[in-house]
Amino acid sequence: MVEVANMAKGVTIVAPPKELERVPLVANQRSLGWVSDAVAGIAEGRAPRWWWIAFSVAFVVMLTGFALIGYLMTTGVGIWGVGHPVMWGWAIVNFVWWIGIGHAGTLISAILFLLRQRWRTAVNRAAEAMTIFAVMCAGIFPLIHIGRIWLGWWLFPIPNANSIWPQFHSPLMWDVFAVSTYFTVSLLFWYMGLIPDLAVLRDRARTRIRQFLYGLFALGWTGSNRHWSNYEKAYLILAGLSTPLVLSVHSIVSLDFSVSQLPGWHTTIFPPYFVVGAIFSGFGMVLTLLIPIRKICHLEDIITERHIDLMCKITLAMGSIVGYAYATEVFIAWYSGNPYERFAFWNRAFGPYWWAYWIMIACNVIAPQTFWFKKVRRNLVLVWILSIVVNIGMWFERFVIVVTSLNREFLPANWGFYRPTWVDIGTYAGTFGLFFTFFLLFLRYLPVVAIAEVKGVTPQADPHHPLGGAREEGPHT
Amino acid sequence: MPQPYGLIAEFTTPAATLHAAEKIRDAGFRRWDVFTPYPVHGMDKAMGLKNSPVGWFAFLGGVAGYATGMLMIWFMNRFDYPIPVGGKPMFSPFSAFPPSYELTILFGAFGALFGMLFLNRLPRLHHPLLKHASFARATHDRFFIVIETDDPKYREADTRRLLESLASERIELVEE
C-alpha cells in the first residue's frame, strides 16, 4: 500500500509488509467514478458495428428456431429423430444442458456471496443474465417435446375441462415447479441487484426516453442508507434462498431420470452428480462469455486475470468431482452384480455410441485437468477454448445419459439406434439464437457489471482504509 | 414559492461521511439520511439503525409457500380428485415435499423483494432530491447527508453550522 493523501495533513499511514498485501479486486487503483463510467459507458452512445452484426446473426438464428418450432407444432414430433425405443432425444438433452448452464450464475450470485467471495461482484451480473437466458432456452424444450404444445398449460395446477388435476407423485411435475421457481427467483434476484445500477444509468441519461425508462425501472432509488440497510438484508436472504434452490433444481431434474426403473438412470448418485455437472458446465459458459466481453468492453481492470484464474480453479474442482462421479457410476454398476446395470455401462463405453462416451470423458475429465497449471489458467485464449470443450463435453454427458440408456434396454427386441434429424439440430441452434439475442440486448442496454457492488470492494470504498479517508486514529470518536 | 426540503451536505470520502453520521446521530436528529453510491460498511451502526425487518417478510412468505404447496397437493390429489398411482398413497408428505419446497423458496423470495420495497416505500418516482442538480453524483462517486426541515431539531442556521463543522465539501438547501 502506498502512503496516501493524508501525508499532506501530517499523518503517516504505516503500510503493511509487501507479502501481506492483498491483490486488489479492481486493478490499477481505479476510482469509484471510473467504475460507473467504464460499465455504464458500454450501455451508452451508439451501438458499435460488431454489436449489430452479432445481433443480426443471433436474431435470424432465433427466428429460424421459432420457424422450426412452428413446423413442429403443425406437423408433430415425427419430424424429430425420436421414436421407439429412444423417446427422449435431443429435446431432453438440450433441456438438461441449458438448465445446467444456468447453475453457475446462481452459484456465483448466491453461494459465493454467502461464502464472502468478494471477487464475485465483477462477474455476477453477467453470470446471472446468462442464468436467466439459459433457463428460458431450457424451458422451451420440455414444452415443445410434449407433442401437443397447445395443451402445455395442463402442466400447471389450473382447473381444466377434464377436471383432472396434475399428478404430483411424478418427478416431472416437481420439475415444472422447480424450473419455473428457478426462473422466477433468478429473475427477482437479478432485478434486485440491478435496481441501484439502473439508478446510475438514470442519473447519467441524456435523452428523455432513457431518463424515463431507466427511471421507471430504478423505482426511484436514491442510494439512501436507510434503503441500503433493508436492501442488503433482502439481498442476503435472496442469496440464502437461491442456494438451496439451485441445489434442488438440478436434483429434481435428475429425479426425472432416477425415479424410473431404467438401468443407467435408476441410481442414487444422480442428484449430486447432476448438480456438480451443472455448475461445471455453467462455469464453462461463464468463461466462454466473459473472456471476449472483458476484451471487447474494455473491462480488464474489473474482470482481471485473477478472476479468470479463480473461475478456472472452480471449473477444475467441479470437473474432478464429475470425473469421480463417472468412476463411481461404473464401479457401482459392476459392484451391484446386476447384469442389466452392468450391460448399460458396458453399452455406454463400447456400444454403438462409444464415441459419445469417450468425447464426454475426454472433454469433462481430462481436458479440465490442464487447469492445474498456472500457465494454462493465465492463457486466456487457451482458457476460452477449454471452456468451449467443457460445454461440448457436458452436452455429450446428457446425450450419453439420455440416449445410451434408452437405446438398448432389457430386451433385445427393444433395441434401436437413434439419430437426430435436421429439425433437431436446427431447433437446438435456434435456442443459441434466442440466448445470444437476449444476451446482446443485455450487453447493450443494462450494466454488464454490478456497478454498486464493484465500487463496494475497492479499497477507497472502505471507511476504515486510508484510501477511504481513514486517518491513523480512525474515523470513530 | 417552493418549500425547503432540507439541507444537503456533500462529502468525498466514506470515512468523513461515517464520522459525520455518528455526530448527527449523537446530536439526536431523526429525519435525516445518508446517501451513498454503494452500501458503506458500518454506516447502519453510525446512523443508529436497527436490524432490518425484511427477514420477517421472507419468513412469512416461505411459510405461506410451504403451506400452499402441501394444501394444494392434498386438495388436488387426495380430496378433490384422488388419482391412484402404482398403489402409492393418494397424499404423502414426501412426494408433496419437492413442489412445496420450491414454493417455499418462491414465496420467500417474493417476500424478501416486496418486503424490501415496502419498507423502503418504493417505487417512488418523484423525490425532491432527485431534482437537485448535484445529487446525481450520489450514484456516481459522492456521499451526501441530508437533514430534513421536518426534523424537530432542525434550525437552519444551527444545522448548517453543524454540517460545516463535519468537514463537508459543500452545503446547500434543497427545495421541495
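**Chains A and B of a predicted model**

The secondary structure of chain A consists of 15 helices and zero strands.

The C-alpha trace of chain A extends about 90 × 50 × 45 Å along its principal axes. Of the 477 residues of chain A, 50% count as buried. Considering the contacts in chain A with a separation of 6 or more, 80% are formed by residues 24 or more positions apart.

Chain A also meets chain B: 59 residues of chain A are in contact with 63 residues of chain B. On the chain A side, the elements that give two or more residues are helix 1 (32-40), helix 5 (171-204), helix 7 (225-258) and helix 15 (451-456). Helix 7 of chain A provides the largest share of this side, with 17 residues. Divided by class, the side of chain A that touches chain B comprises 29 nonpolar, 23 polar and seven charged residues.

The description now passes to chain B. Its domain assignment gives domain 1, made up of 4-49 + 122-175, and domain 2, covering 54-119. Taken over C-alpha atoms, the centres of domain 1 of chain B and domain 2 of chain B are separated by 44 Å.

Chain B contains an open sheet of four strands, in the order 2-3-1-4 and with antiparallel pairing. At the edges stand strand 2 (32-35) and strand 4 (170-175) of chain B; each has a single partner strand, so one side of each is left without a neighbour in the sheet. From one strand to the next, the twist averages 20°.

Strand 2 of chain B is joined to strand 3 (residues 143-148) of chain B by four bridges, and the two run antiparallel. Within this pairing, B:Val34 is positioned opposite B:Ile145 of strand 3 of chain B. A helix accompanies the sheet as well: helix 6 (residues 156-165) of chain B packs on it and touches strand 1 (4-11), strand 3 and strand 4 of chain B. The direction of helix 6 of chain B makes about 10° with that of strand 1 of chain B.

Terms used:
Residues are numbered from 1 along each chain as its sequence is written. Chains are lettered from A and ligands numbered from 1 in the order in which they are written. This is a predicted model: local features need pLDDT of at least 70, side-chain atom pairs count only at pLDDT 80 or more; totals for chains, interfaces and linings use all residues. Two residues are in contact if their C-beta atoms, placed from the backbone, lie within 7 Å. Ala, Val, Leu, Ile, Met, Phe, Trp, Tyr, Cys and Pro count as nonpolar, Asp, Glu, Lys and Arg as charged, and the others, Gly among them, as polar. Domain bounds come from an automatic or database domain assignment. A residue is buried if 20 or more other C-beta atoms lie within 10 Å of its own, exposed if 12 or fewer, and partly exposed in between; C-beta atoms are placed from the backbone. Two strands pair if DSSP finds at least two bridges between them. Axes are lines fitted to C-alpha atoms, for helices over the stretch in contact, and angles run from 0 to 180 degrees between N-to-C directions.
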